[in-house]
Amino acid sequence: VSLFRGLPPPLLMDTSHCRLWDPANRSLVCDFGSGKALVGGPGALNDVETSPGPPVSSSAAMRLFSVMRYSVKLVFDEDFKAARAVTIPSFAPSFTLMGELQERVFVEKLERADVASKGEWPWPEGGSFDGAWVRNNYAHGVDKPPGTGYALLPVLTDKGLNERNFALAKVRP
C-alpha cells in the first residue's frame with residue numbers, strides 16, 4: 001500500500017489488487033476502477049501540470065474511474081529502477097493500434113526515489129522515501145528539470161507498516 005503525496009487529494013494505492021504479473025516483460029496491471037487498488041481521500045483532483053481542467057472531487061473521480069474501468073499497466077525496466085505507467089481506459093481503441101499516440105498521451109514515467117531526478121518541485125516533507133517511487137512531470141520536455149511531480153510513499157510493505165508514512169496518510173489536507 002502506497003500513499004500518493006503531492007497529488008491532491010490524498011490517495012492510497014494497494015498493489016495487492018494488481019494482477020497479470022508477467023515476469024518476462026516485468027509488467028502488471030492495476031485496476032483502479034474497482035475501488036480496491038486505488039482509494040481516494042477527501043478533497044479534489046486538481047494538478048494543473050498533470051491533470052489540467054477544473055477540480056474534480058475525489059468521490060466523483062472514483063466513480064468516473066469505475067465507469068471507465070480505468071486501469072494502469074506498470075512496465076518496469078530491467079533493474080527495477082524505473083517504470084512506465086501506461087493508462088488503459090476501457091473506452092480507448094486497442095493500444096496496439098494507437099502506437100505513438102499511446103506513448104505521448106497515456107504514458108507516465110515513475111522512478112525509484114533513490115535514482116529519480118530531484119527537479120524543481122518540493123518533495124513531500126515528513127515522509128520516508130525508503131522504497132518510494134517518484135513521478136516527475138516532464139510535460140515541458142525531458143531535457144528540462146521537472147517542474148512538478150508527486151511521490152508514492154510506501155505505507156504497508158512486506159517488511160511491515162511504515163509509521164512515518166502511515167501518519168501522513170491520516171493527516172487531513
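What is the volume of the second largest pocket? It is about 550 Å³, where a pocket is an open set of points on a 1 Å grid over the protein atoms alone, with protein on both sides within 12 Å along at least five of seven lines, and where a 1.4 Å probe fits. The volume is the space filled by probe spheres set on the points.

Colleagues, this is a predicted model, in which local features need pLDDT of at least 70, side-chain atom pairs count only at pLDDT 80 or more, and totals for chains, interfaces and linings use all residues. Residues are numbered from 1 along each chain as its sequence is written, and side-chain values use heavy atoms, without hydrogens and water.

The second largest pocket is lined by 23 residues, lining residues being those with an atom within 4 Å of a point. Ser2, Gly131, Trp133, Pro154 and Thr157 are the closest to its centre.

Trp133 leads us to strand S11, residues 133-136; strands are DSSP runs (E) of at least two residues. Trp133 and Arg135 on one side of S11, and Val134 and Asn136 on the other, are all buried, that is, under 20% relative accessible area with a 1.4 Å probe, protein chains only. S11 pairs with strand S12, residues 149-154, in the antiparallel sense over four bridges; pairing requires at least two DSSP bridges. In S12, Leu152 stands opposite Trp133.

Finally, the whole structure holds one disulfide, defined as a pair of cysteine sulfur atoms within 2.5 Å. The disulfide joins Cys18 to Cys30, S to S 2.0 Å. Cys18 lies in strand S3 and Cys30 in strand S4, so the pair ties together parts 12 residues apart in sequence. Both Cys18 and Cys30 are buried.

Key:
Buried < 20%, exposed > 50% of the residue type's maximum accessible area, 1.4 Å probe, protein only.
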